[in-house]
Amino acid sequence: MADLEIRDDRDKGRLEALEDGVHVGVIVYFVLDAEPHALVAVHTVVEEGNEGKGIAGSLVREFYTIAAREGVPVVPLCPYAAKWAEKHPDEAPVPPDDVVRAAKRQLKATPELR
């Protein structure tokens, strides 16, 4: 894999992966309105032709790193992020149940995120 650059566009809710300046993947997410303002992963997408390069894993790992730096939990509603979290429990703390419920409520109330 060439050098992967990961950029967080918080205003758009996108953690984007670029390889040599070309968009190759993204995590679509939102910040939970309720305290403790968790980061909620909704979708992880790797562009066609870029599968199998570790891009999705790099995105999810960086997502958890950002959340840890900000002192907030991650709610992995995205199936890929949830599976990654199960495989990396040392890097992906399980979010509190009430935070998960709040994230699901906010997602349900925000159809454009689904």
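Predicted model: local features only at pLDDT ≥ 70, side-chain atom pairs only at ≥ 80, totals over all residues.
Q: How many salt bridges does the structure hold?
A: The structure holds six salt bridges. One of them joins the side chains of Arg7 and Glu5, with 2.8 Å from N to O.

Q: Which residue meets Glu19 in a salt bridge?
A: The partner of Glu19 is Lys53, and their side chains meet at 3.3 Å, N to O. Glu19 belongs to strand β2 (residues 14-19), whereas Lys53 is in the loop between β4 (39-46) and α1 (55-70); the pair therefore ties together parts that are 34 residues apart in sequence.

Q: Is Glu19 buried or exposed?
A: Glu19 has a relative accessible area of 11%, so it counts as buried, the cut-off being under 20%. Lys53, at 33%, is partly exposed.

Q: Where do Arg61 and Glu91 lie?
A: These two residues form a salt bridge whose closest N and O atoms are 2.7 Å apart. Arg61 lies in helix α1 and Glu91 in the loop between α2 (79-87) and α3 (97-108), so parts that are 30 residues apart in sequence are tied together by the pair. Arg61 is partly exposed, with a relative accessible area of 35%, and Glu91 is partly exposed at 30%.

Q: Which residues are linked in a network of salt bridges?
A: The network links Asp8, Arg10 and Glu70.

Terms used: Residues numbered from 1 in each chain as written. Heavy atoms only, no water. Salt bridge = Lys/Arg side-chain N within 4 Å of Asp/Glu carboxyl O. Helix = DSSP H or I, 4+ residues; strand = E, 2+ residues; numbered from the N terminus. Buried < 20%, exposed > 50% of the residue type's maximum accessible area, 1.4 Å probe, protein only.
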